[in-house]
Amino acid sequence: MPEIVTGLNALIVAVLLPALWAARIGKIDLHKKLITVALVASTILLGLWFYEKYINGSTVYKSLSNSRGAKIFLATHIFSSVVELPLIVWAVILGIKGKIAKHRKIARITACIWLYTSITGIMLYFMTDYSI
C-alpha cells in the first residue's frame, strides 16, 4: 500500500503544477478539472493512509534513527499535511462560491503547502523500510 500512496503523491504533484499554470493563463475549465483530479487523489491517499495506519500501526523510518535533520524533515511533512487539509477545503469553497480574489490569495499559500507535502511524502517513502 505505501507504493500506492507514493504513486498518488506523484500524481498530485503531476496535476497540481499544470493546474497552477492553467489558472495563471486563464484556462479556468482546465484548472478545475486538474484540481478535481488532485482532490480525488488526495482523498483516496488520505483514506488509504488512515487505513494503513489502522492495519499496520506506525512506520519505521530507518534514516531517522540518528539524524536530527531527518526528524525535522519528517516533522515539517507532518505539520504541513495537517495544515493543508483545511486550507484546501477553504480554497475550494471560495473557488466554488466565485470569491476569486480570496480564492487566489488562499490558493497561493495552499498550493505551496500541498506541493511540499506531496513531494516530501514521496521522499519519505524512500526513507522507510518499505522501499528497501
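Q: In which helix is Val89 found?
A: Val89 sits in helix 3. Helices here are DSSP runs of H or I with at least four residues, numbered from the N terminus. The model is predicted: local features need pLDDT of at least 70, side-chain atom pairs count only at pLDDT 80 or more, and totals for chains, interfaces and linings use all residues. Residues are numbered from 1 along each chain as its sequence is written, and side-chain values use heavy atoms, without hydrogens and water.

Q: Why is Val89 called partly exposed?
A: Its relative accessibility is 41%. Buried means under 20% relative accessible area, exposed means over 50%, and partly exposed lies in between (1.4 Å probe, protein chains only). So Val89 counts as partly exposed.

Q: Why is Ser118 called buried?
A: Ser118 has a relative accessible area of 2%, so it is buried. Ser118 belongs to helix 4.

Q: Which residues make the nonpolar surface patch of about 530 Å²?
A: They are Leu46, Trp49, Phe50, Leu85, Val89 and Ile93. Helix 2 (28-56) and helix 3 each give two or more residues to the patch. Patch residues need over 30% relative accessible area and no salt bridge, and nonpolar side chains (Val, Leu, Ile, Met, Phe, Trp, Tyr) are joined within 5 Å, like charges within 9 Å. A salt bridge is a side-chain nitrogen of Lys or Arg within 4 Å of a carboxyl oxygen of Asp or Glu.

Q: How far apart are Ser118 and Gly69 in sequence and in space?
A: They are 49 residues apart in sequence and 19 Å apart in space, C-alpha to C-alpha.

Definitions and conventions. Areas by Shrake-Rupley, 256 points an atom, 1.4 Å probe, with all protein chains shown as cover.
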